[in-house]
Amino acid sequence: MNLWPTCLVQFVVRAMRLEFRTRLPALLLLLIFLHNPAGAATTLQRKTLKTKDAYVGSQVCASCHMDIYNHYVQTGMGRSMSDIKPALLQQLQLPATFNDKNLNRHFDIYARDGKLYQSEFELDAEGNEIFRDTHQVEWLVGSGANTIGGIVKRGDYLFEAPVAFYTKAMTWTSSPGYEFADYSFNRPILTGCIVCHSGRANPVSNTNGRYKAVAFSELAIGCENCHGPGAAHVQAITSGRKLTKQNLAIVNPARLTAESANETCMECHGFGDVRVLQPGKSYLDIRPGTPLDNVLSILMVPPTRGSPPRSDQLQHYYSMVLSKCYRASGGQLRCITCHDPHVQPTAQEAPAFFNKRCLTCHTDQSCSLSRTVRQHGDPSDNCIGCHMPKRNVTFIAHTSLTNHRIVARPDEPLPEAMYHQTTAALPDLIHLDPAPGKKDVPPSLLTLLQAYAELAAYKPEYVAPYFKVLDQLERTDSDNALVQAALGSRDLKNGKLQEAADHLQRSLQIGPPQAPVYGLLSEALEKLGRDDEALSVQQKAIAQDPYNPLLQQRLVAMLIDRKQYSEAQAAIEHYLQAFPQDSSMRNMLAVSRGKIPPK
């Protein structure tokens with residue numbers, strides 16, 4: 001019996017192609033390739049390092065700096081990531097349940113035999129389980145100041161757990177970002193994210209969330225994240241040669257220029273609107289004491305009076321440079337002027353701790369409030385309570401951030417300097433981390449291509465600059481995989497199918513191969529009537545990125561279109577092993593098996 005009647009086939013193909021193209025059109029596929037922190041342009045693994053440039057781990061540092069280390073591991077950074085430990089499990093209010101009314105899904109969170117699990121399931125009208133998907137949580141991310149999230153491992157791939165524990169509310173609810181989309185257990189842990197939450201990750205190059213057998217050489221943020229690889233320092237110490245403060249064979253941010261010291265923090269605390277890695281570089285190439293822009297360009301859409309920043313609190317570094325304190329210092333104010341990375345004061349200790357920092361520049365008479373008024377505050381005499389207030393972040397549940405703009409009054413207007421941060425060479429973006437002496441030098445065209453591409457996805461004013469840069473690169477740097485992929489996407493969108501296929505094949509030849517480029521090529525070949533080639537290329541895309549649901553959905557649509565129904569059914573079954581929460585695919589499988597009649 002044919003369980004794929006013509007009307008159903010046509011409906012499914014149209015619906016799946018519409019979903020595929022509206023949710024992830026050709027240009028957006030390219031955008032993932034352009035800015036994905038796990039993509040070819042961004043995650044080429046660091047080459048084998050010479051011994052002197054190798055990492056040794058924080059435990060080795062602790063053997064000589066035990067007091068500093070013992071204080072540091074109590075800080076938020078020192079507890080940024082951890083294994084599952086019995087003592088920690090006791091703090092997580094287990095077992096727990098969470099019901100997501102928007103998705104009509106339920107989650108169980110529980111511990112068993114010293115391990116942590118999250119289970120997602122859906123119930124029908126009679127209360128019977130439709131599906132259940134359970135995974136062990138391998139690591140916890142977050143110090144507990146606001147949120148403790150989880151990472152699950154599926155083969156060699158790492159994904160965010162869908163439910164997180166919010167410590168202030170003492171409750172489990174959707175992980176940050178999950179309020180915007182239905183990710184389930186399929187949101188990959190990208191290099192660009194995990195480098196700011198871990199000591200040293202080991203991603204596999206040219207993949208989307210795949211990691212080596214030892215995924216993390218060091219879990220929590222460690223000494224070498226801020227001081228650089230320690231092997232040369234250890235060798236120098238153990239060699240017995242005399243060292244000076246200027247020749248310690250390791251980076252001390254306190255001895256760097258203000259600009260360079262701030263960049264050490266800016267890697268994670270100055271996010272910008274778009275971050276672009278230089279060609280052939282990865283986040284693992286960043287080294288304290290060397291210009292951040294050598295590896296990573298951080299760019300920001302210029303604020304205007306008609307469109308000021310929605311929240312200047314979200315950008316620690318950017319907020320600081322807008323402060324009167326920073327501007328009055330001539331750019332010499334540093335993050336470590338106020339923060340000691342090795343010590344984190346408690347909430348009770350913070351007022352006195354930071355008052356001392358304030359009083360290195362100000363005096364007791366600087367405050368316009370009388371001492372009597374200040375003493376009656378709770379806590380008393382609290383500089384940061386007035387000038388760096390915390391505010392709740394509505395889009396990340398139960399979270400608050402500190403205002404680093406250091407305002408004199410809560411209603412203090414944004415400074416005029418904020419509207420004059422672009423340059424003649426780069427009039428439409430703010431370059432937050434230009435290399436020393438290169439403030440008036442624009443980023444490379446390849447950097448701008450990626451930046452404009454990402455911004456154009458939600459800011460139409462960047463579409464024209466994107467294509468202008470692409471036209472320039474077509475003339476000057478056409479033998480580049482990124483450029484060829486962009487040209488292929490452009491021509492595919494404009495209906496120039498053979499030209500698109502040629503560009504995309506050239507991109508894959510230059511390499512390294514990327515799933516989005518395979519996806520674009522498959523679409524071009526299918527439109528050219530080369531169905532067998534298109535199907536083969538689509539399967540290569542899936543092999544390159546096996547947990548990308550849209551790539552697999554398109555494969556199902558292609559098989560149905562070719563009336564290869566048994567193969568389509570097998571593809572749906574394979575899809576549902578990874579994405580059991582997809583109700584539309586579950587219904588389609590039921591139709592194919594004759595369990596429900598087609599509509």
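**Reading rings, charges and a pocket in a predicted model**

Analyst: R154 lies over the face of F159, at 5.5 Å from the ring centre, where a charge counts as sitting over a ring if NZ of Lys or CZ of Arg is within 6 Å of the ring centre and within 35 degrees of the ring normal. This is a predicted model, in which local features need pLDDT of at least 70 and side-chain atom pairs count only at pLDDT 80 or more, while totals for chains, interfaces and linings use all residues. Residues are numbered from 1 along each chain as its sequence is written, and side-chain values use heavy atoms, with hydrogens and water left out.

User: Which charged end sits over the ring of F121?

Analyst: The charged end of R132 does, 4.1 Å from the centre of the F121 ring.

User: How many aromatic pairs does a search of the whole structure find?

Analyst: Rings of Phe, Tyr and Trp (its six-membered ring) pair if their centres lie within 6.5 Å, and planes under 30 degrees apart count as stacked, over 60 as edge-to-face and the rest as tilted. The search finds 12 such pairs. Among them, Y178 and Y183 are edge-to-face because their planes stand at 75°, with the ring centres 5.2 Å apart. Y466 and F467 also form an edge-to-face pair, at 5.0 Å centre to centre and 70° between the planes.

User: Is Y178 buried or exposed, and what of Y466?

Analyst: Buried means under 20% relative accessible area, exposed over 50%, and partly exposed in between (1.4 Å probe, protein chains only). Y178 is buried because its relative accessible area is 8%, whereas Y183, with 28%, is partly exposed. Y466 counts as buried at 3%, and F467 as partly exposed at 26%. Of the 599 residues of the protein chain, 49% count as buried.

User: Which residues are closest to the centre of the second largest pocket?

Analyst: On a 1 Å grid over the protein atoms alone, a pocket is an open set of points with protein on both sides within 12 Å along at least five of seven lines, and lining residues have an atom within 4 Å of a point. The second largest pocket holds about 1,100 Å³ of space, a volume being the space filled by probe spheres set on the points. Of its 40 lining residues, C358, H362, S366, C383 and H387 are the closest to the centre. Helices here are DSSP runs (H or I, at least four residues), numbered from the N terminus, and those giving two or more residues to this lining include helix 13 (350-358) and helix 15 (383-387).

Definitions and conventions: On a 1 Å grid over the protein atoms alone, a cavity is a set of points where a 1.4 Å probe fits but cannot get out, and a pocket is an open set with protein on both sides within 12 Å along at least five of seven lines; lining residues have an atom within 4 Å of a point.
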